[in-house]
Amino acid sequence: MNIFVINSGSSSIKYQLFRWPAEQPVCSGLVERVGSAQATITHKVFDADGAPTEQRLTLPLPDHEAGLHEVVRLLTAGVIQDPGDIDVVGHRVVHGGESFSQATPITPEVKAEIKRLFELAPLHNPANYLGIEVAERVFPRARQVAVFDTAFHQTLPEKAFRYALPTALYTEQRIRRYGFHGTSHQYVAAQAVAYLGQPDARLITIHLGNGCSMAAVRGGRSLDTSMGFSPLAGLVMGTRSGDIDPSVLLHLTGPLGYSPEQVNTLLNKESGMLGLTGQSDMRDISQALAAGDTAAQLAYDLYAYRIRQYIGAYAAVLNGLDAIIFTAGVGENDALVRQLVCQDMDFFGLALDEAQNQQRQPGLRDLSAPGSRAKILVVPTNEELEIAQQCAALEASAS
Ligand SMILES: Nc1ncnc2c1ncn2[C@@H]1O[C@H](COP(=O)(O)OP(=O)(O)O)[C@@H](O)[C@H]1O
Ligand SMILES: CC(=O)OP(=O)(O)O
Ligand SMILES: [Mg+2]
């Protein structure tokens, strides 16, 4: 069986083709800086021993649709003979509301629900929906499956997912915390549990990509998470503000005369690291910092400070801490972020081995110094593999 997985993030498209049940990918790729004139595609094709041949393209990609068409072109130009060779397409879908807690075959009703949720995940659900429509056209024989970012967080207890608003706004309007990046939190938590050999470990998973979120996880269940009703809440992100006092919005729309549309754009697309420094990509901000830029210094400090606050909160939720796990583009690669987060954390039993922190190696890495009571891990996320596994489980249960 051939399972093709499409993971559209807010600034990237990741894809992998798996031949099942061997979990080794046949090809994988990453489209970065979607929406710019200098987008890049890194496309890898693996031989029978898993050795990659890599191709790198730089090209203008105005939007996700252009990116997806380029991905399909690369796939059908050598990796597969015929689009009919794909049996299942697994789609990452960011917002699934309360309707979905597991991998779901895509029907017209499911598509309508994904569309209804555009407003709550404006950077993601439209791109995910587009991916479904493109895949339905290009791979008409394949079964299309959605795996939702919100699904893993459906285990949150009510005290964690409810807001202190009038009850009817929850019961009639479904206004609550949903949480996102669930596929990633679930995957890295399972990897950490296997590494620690401790199924009941108290874990804080820290997903730092373009979007950023944290989760308190125990026994394979998400107990709390920093994103909320939409992927705007919580940590400081590439272009999103994270937590702010809601009365700032009233001040913007009242005395300052912003329209709701302008506030939406401001908070989702013009804030976060972009708002603080003028740049959203952490590699660019890191270069600015190295050149002595004081705005970049403040942005790094603020970014790490917010993560530290949530570590404190989630250690309380978990009544202790066995490991924190850094993952995604920034979490896996940016040693300074990890250093700023972990410094002066001895109260939580966290001590970072700075030499290990500077190493660049693939795979799971243990960065804890000897004597650190809680572990500090880097676990590369693999949302595509997790999605493929869930698609394969769905296929097995349907047959
Ligand atoms: N080597 C690196 N050092 C620092 N940051 C990096 C590095 N590689 C990628 N990143 C950052 O990771 C972020 C993208 O992460 P990713 O998980 O791919 O995001 P998304 O899935 O939200 O598009 C960007 O801010 C990028 O700058
Ligand atoms: C939900 C979310 O923010 O996703 P991403 O980090 O891929 O933008
Ligand atoms: Mg992502």
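This is a predicted model: local features need pLDDT of at least 70, side-chain atom pairs count only at pLDDT 80 or more; totals for chains, interfaces and linings use all residues.
The protein chain has a mean pLDDT of 95, with 100% of its residues at 70 or more. For the complex, the predictor gives an ipTM of 0.98 and a pTM of 0.95.

The second largest pocket has a volume of about 1,200 Å³. Its lining is made up of 37 residues, and those closest to the centre are Tyr163, Phe229, Ser230, Leu232 and Leu249. Helix H2 (108–116), helix H7 (247–253) and helix H8 (260–269) are the elements that each give two or more residues to this lining. The largest share comes from H8, which supplies five residues. Sorted by class, the lining of this second largest pocket holds 17 nonpolar, eleven polar and nine charged residues.

Attention now turns to the sheets. As a general point, strands of a sheet pair through backbone hydrogen bonds, in either a parallel or an antiparallel fashion. One open sheet is formed by eight strands in the order E5-E4-E3-E2-E1-E6-E8-E7, and its pairing is mixed. Strand E5 (52–59) and strand E7 (104–105) are the edge strands, each pairing on one side only. Within this sheet, strand E1 (residues 2–8) and strand E6 (residues 88–93) run parallel and are joined by four bridges. A reader looking for a landmark here can pick out isoleucine 3, whose bridge partner in E6 is valine 88. Helix H15 (residues 383–398) lies across E1, strand E2 (13–19), E6, E7 and strand E8 (143–148), and runs at about 135° to E1. The loop between E2 and strand E3 (25–32) contains proline 21. A cis peptide bond joins this proline to tryptophan 20, with an omega of about 10°.

Another open sheet has six strands in the order E11-E10-E9-E12-E14-E13, again with mixed pairing. Strand E11 (221–225) and strand E13 (365–366) stand at its edges; each has a single partner strand, so one side of each is left without a neighbour in the sheet. Helix H13 (residues 335–342) packs on this sheet, where it touches E9, strand E12 (323–327), E13 and strand E14 (375–378), and the direction of H13 makes about 155° with that of E12.

Strand E9 (residues 202–208) runs antiparallel to strand E10 (residues 212–218), and seven bridges join the two. Leucine 208 has cysteine 212 as its bridge partner in E10. On the E11 side, E10 and E11 also pair in the antiparallel sense, over four bridges. Here arginine 218 stands opposite arginine 221 in E11. E10 and E11 form a hairpin with two residues between them, and glycine 219 in the turn has a positive phi of about 60°.

A positive phi is also found at asparagine 319, where the value is about 55° although this residue is not a glycine. Asparagine 319 lies in the loop between helix H11 (294–318) and E12.

How values were computed
Residues are numbered from 1 along each chain as its sequence is written. Chains are lettered from A and ligands numbered from 1 in the order in which they are written. Side-chain values use heavy atoms; hydrogens and water are left out. On a 1 Å grid over the protein atoms alone, a cavity is a set of points where a 1.4 Å probe fits but cannot get out, and a pocket is an open set with protein on both sides within 12 Å along at least five of seven lines; lining residues have an atom within 4 Å of a point. Grid points are joined across faces, edges and corners, and a volume is the space filled by probe spheres set on the points. Ala, Val, Leu, Ile, Met, Phe, Trp, Tyr, Cys and Pro count as nonpolar, Asp, Glu, Lys and Arg as charged, and the others, Gly among them, as polar. Two strands pair if DSSP finds at least two bridges between them. Contact means heavy atoms within 4.5 Å. Axes are lines fitted to C-alpha atoms, for helices over the stretch in contact, and angles run from 0 to 180 degrees between N-to-C directions. pLDDT is the predictor's confidence in each residue, from 0 to 100.
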